[in-house]
Amino acid sequence: MFERFTKDARAVVMGAVEHRERSGETRVEEAHMLLALLDREGSRASFALASLGPADCRDSVAGALAEARRRGGLSRADADALSGLGIDLTEIISRVEEAHGAGALAGGSKDGGRWSGRRPFSQGAKDLLAEALRIAIAHHDRHIGDEHLLLALTARPGVPAEVLADHGVTYDGVRRVLWGGGAAKAG
């Protein structure tokens, strides 16, 4: 499938690998893909992000992703659902961090940060790439661009879509900016 990626989409995937390496995590996650998208300039996705989101939102997005990681990857919707069951996620995080140190639920490197030569992708990141392919096919595009990766991030439930929506970037908004809207959600 990687041969169908445009230069910009390949740069996003490689950027996600670099974000994973810098963070010391063992797998490329959807959040790494989002951060790599935010690093791009002069691409279709960067145009859509600039059109929809506030200028210079990268630090805010990175902070929101870090906070979600601190919650063990749970979205605010997940936290709200737990709260509805009487489970105080903030209290659980505080107790875990008190016992095991700050960021204990965030995970991190299990191999001490050593490079193994492999670039494993989480199931969520793999599903994101598959969703980008489905979106490209639905738009009758021959290649997968970074705009398809952005659409896939906004189409899938979870922390990246929640963080993007908080910054004014939604699936419908991206479609409207790139294609003038209209068609129903692919996938």
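Start by selecting H139: this residue is buried, with a relative accessible area of 18%. Here buried means under 20% relative accessible area, exposed means over 50%, and partly exposed is in between (1.4 Å probe, protein chains only). H139 sits in the loop between α7 and α8. Leaving out residues up to four places away in sequence, H139 touches L151, R175 and W179, where a contact means heavy atoms within 4.5 Å.

Before moving on, a word about what is on your screen. This is a predicted model, in which local features need pLDDT of at least 70 and side-chain atom pairs count only at pLDDT 80 or more, while totals for chains, interfaces and linings use all residues. Residues are numbered from 1 along each chain as its sequence is written, and side-chain values use heavy atoms, with hydrogens and water left out.

**Next stop: H140**

Now select H140, which also lies in the loop between α7 and α8. Is H140 buried or exposed? It is exposed, with a relative accessible area of 72%. Look at its backbone too: H140 has a positive phi of about 60 degrees, although it is not a glycine. Most residues other than glycine have a negative phi.

**Zoom out: the whole protein**

Switch to a cartoon view. The protein has 10 helices and 0 strands; these are DSSP runs numbered from the N terminus, with helices (H or I) of at least four residues and strands (E) of at least two. Buried residues make up 42% of its 187 residues. Among contacts between residues at least 6 apart in sequence, 67% join residues at least 24 apart. The accessible surface (Shrake-Rupley method, 1.4 Å probe) comes to about 10,000 Å², of which 50% belongs to carbon and sulfur atoms.

**Into the core**

Select M33, L149, L150 and V174: of the 42 residues in the largest nonpolar core, these touch the most other members. Such a core is a set of buried Ala, Val, Leu, Ile, Met, Phe, Trp, Tyr and Cys residues joined through side-chain atoms within 4.5 Å. Helices that each supply at least two residues of this core include α1 (7-23), α2 (30-39), α7 (123-138) and α8 (146-155). Which residues does M33 contact, leaving aside neighbours within four places in sequence? They are V12, V13, A16, V28, L128, L129, L149 and L153.

**A pocket to visit**

Go to L38, S46, L49, A50 and D56, which lie nearest the centre of the second largest pocket among its 13 lining residues. The elements that give two or more residues to this lining are α2 and α3, and α3 has the largest share, with 3 residues. The lining divides into 7 nonpolar, 2 polar and 4 charged residues. About 240 Å³ of space lies in this pocket. On a 1 Å grid over the protein atoms alone, a pocket is an open set of points where a 1.4 Å probe fits, with protein on both sides within 12 Å along at least five of seven lines; lining residues have an atom within 4 Å of a point.

**Last two selections**

Select A11 in helix α1. At 28% relative accessibility, A11 is partly exposed. Its C-alpha atom is separated by 9.7 Å from that of D39, 28 residues apart along the chain.

Finish at G73, in the loop between α4 and α5 (76-84). G73 is partly exposed, at 43% relative accessibility. Not counting residues up to four places away in sequence, G73 touches A68 and V159. The C-alpha atoms of G73 and G158, 85 residues apart along the chain, are separated by 8.8 Å.

Conventions: Points joined across faces, edges and corners; volume = space filled by probe spheres on them. Nonpolar A, V, L, I, M, F, W, Y, C, P; charged D, E, K, R; others polar.
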